[in-house]
Amino acid sequence: MSAAKSAVYIACSAFLFLTQGLGMNLALANLNQVQGSLSATSVEAAWLSAAYMAPNVSLSIALVKIRAQYGLRRFAEIGIVGFVAVSLMNVFVSDLHSAIVVRFISGIAAAPMSTLGFLYMLEAFPPARKLTVGLALALTCTTMSAPITRLISPTLIEYGQWHALYTLEMALALIALPIIYLLPLAPVPHAKVIQFMDVLSYLLVAIAFGCLAIVLSMGRLYWWFEAPWLGVLLTLSIAALTTVVLIELNRAVPLIDVRWLASKEIVHFTVVLLTFRFVASEQSAIAANFYQQLGLQFEQVATLYWIILGAAVAGGLLCAVLMNPQHSERVHVLALGLLATGAYMDSQASSLTRPEQMYLSQAMIAAGTALFLPPAMARGFKAALSKGPSYILSFFVVFMFTQNIGSLAGTAAFGTFVAIREKFHANILAEQIVLSNPLVAQRLNQLAAAYNKVVGDRLLLNGEGPALLSQQVTREAYILAYNDAFLLASMIALCALAGLFLHMFYKWVTQRKAGPAPLPAA
């Protein structure tokens, strides 16, 4: 393939990733803004995200076999037509209920788009570079949509609320449609690989992952132990997964090789990816909410998101250069070091912190995120290929679980941690506020004096001071809670880095004991 044609495939891959990523992130990043146009509360608006993720977290697993049986060409054409049709449905959304239904269908239709993005990126490279440069660039493209969403959505919201957001998605889908038809992927052999029990196993996996996605998305908002239906969904998820394991263990040709997933190597791979996904949630689950808590406007954070986007691209390009099995552990050391340092720097924030003080730390986290995932995925993918083509689907189960469910779990865990720590810090701060303290009395008088010219009633004026002070205490408690969350993310990254150093030291000792490899026979 010529260099020009490879560049076209790379550009088309980036565009497909952007189309899918914007469709997923536009609602998630603007829940507070779109709830007004849908006449919904903040909790009700969160169902838009849960409805999208419920089918999306597992559908890529089924697409592996669908693509193998019906071929890439048909898969691509049907996938893009379905995405365009669902994008058009957003135009007819008029209330919350219709929006939730459309978001659920969008989660189904968007799953092939990410797969097509990967395939188009890998198509641009020769076989020797598909799992190195191709994989690194593809995974870099998956990180670009989040900052781009933050950059473009305020203007869209101002222009037309919900319909402006999804008019853009519809336009991108219509542009992607001719790409699929005019720039086909290389055909691959296909055969009948789908069995009846495969369908049953996948439906159970979809139920399990979907229920878990809803619990993780909504648990923090309804609170974990306050809504009985959360427990019902969690029980249903566990029961469905248990049934899948029992079915697959007794099949001659399983859809998912449970025994291989339980092996030492794959369990280690799963723990590594989950740890990374938790730490990487710092940027989306903590930092973005921290800026909202400070009341920062789009104009104040736009430059920060440009820096995050640039750092993610730079980290992905560096990873593409370093993508070598011999360098994977060193790349992970660099990535975890960047993540731990960036999160620790953020943990020193205060109410006076502005985006300018976070440019470096957030750039480090974005670069570390882009550096970490490609070597880990390449290693797991090669382990699956070494066992045989049938193990690729089992690998995808691990990868999709750790990235999709892991991302939701990281967001839920950090959100819950911030809520708990805010109550703790609020209680500590409230204990220090007593009227007998002259500093407190002075602050109350200063705050009340701000309304002296607009509030004539002396009794009401005296009540403004405590109300404003209470707001300031709550804000400071949240800032301290976010600092604790930043510090927790840094500690997790440091623990992972320590574990990696121990693993590298163990390998070095083992190799020294084994001695040098024997020379080949003459």
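The crossing of H5 and H6 is right-handed, a crossing being called right-handed if the near helix is turned clockwise from the far one by less than a right angle, and left-handed if anticlockwise. This is a predicted model, in which local features need pLDDT of at least 70 and side-chain atom pairs count only at pLDDT 80 or more, while totals for chains, interfaces and linings use all residues. Residues are numbered from 1 along each chain as its sequence is written, and side-chain values use heavy atoms, with hydrogens and water left out.

The protein has 17 helices and zero strands, where helices (H or I, at least four residues) and strands (E, at least two) are DSSP runs numbered from the N terminus. Of its 522 residues, 51% are buried, that is, under 20% relative accessible area, with exposed meaning over 50% and partly exposed in between (1.4 Å probe, protein chains only). Among the contacts (heavy atoms within 4.5 Å) with a separation of 6 or more, 83% join residues 24 or more positions apart.

**Helices H5 and H6**

The axes of H5 (residues 96–123) and H6 (residues 127–142) come within 9 Å and cross at roughly 140°, the axes being lines fitted to C-alpha atoms over the stretch in contact and the angles running from 0 to 180 degrees between N-to-C directions. That angle makes H5 oblique to H6, because angles under 35 degrees count as roughly parallel, over 145 as roughly antiparallel, 65 to 115 as roughly perpendicular and the rest as oblique. On the H5 side the contact includes Phe-118, Met-121, Leu-122 and Glu-123, and on the H6 side its members include Lys-130, Gly-134, Leu-135 and Cys-141. By class, this contact of H5 with H6 has eight nonpolar, one polar and two charged residues.

**Salt bridges**

The count comes to three salt bridges, each a side-chain nitrogen of Lys or Arg within 4 Å of a carboxyl oxygen of Asp or Glu.

| Salt bridge | N to O distance |
|---|---|
| Arg-421 and Asp-484 | 2.8 Å |
| Lys-423 and Glu-422 | 3.6 Å |
| Glu-476 and Arg-475 | 3.2 Å |

The pair of Arg-421 in H15 (residues 392–431) and Asp-484 in H17 (residues 458–514) links distant parts of the chain, 63 residues apart. Arg-421 counts as partly exposed because its relative accessibility is 25%. Lys-423, at 54%, counts as exposed, whereas Glu-422, at 5%, counts as buried. Glu-476 is partly exposed at 27%, and Arg-475 is partly exposed at 32%.

Definitions and conventions. Ala, Val, Leu, Ile, Met, Phe, Trp, Tyr, Cys and Pro count as nonpolar, Asp, Glu, Lys and Arg as charged, and the others, Gly among them, as polar.
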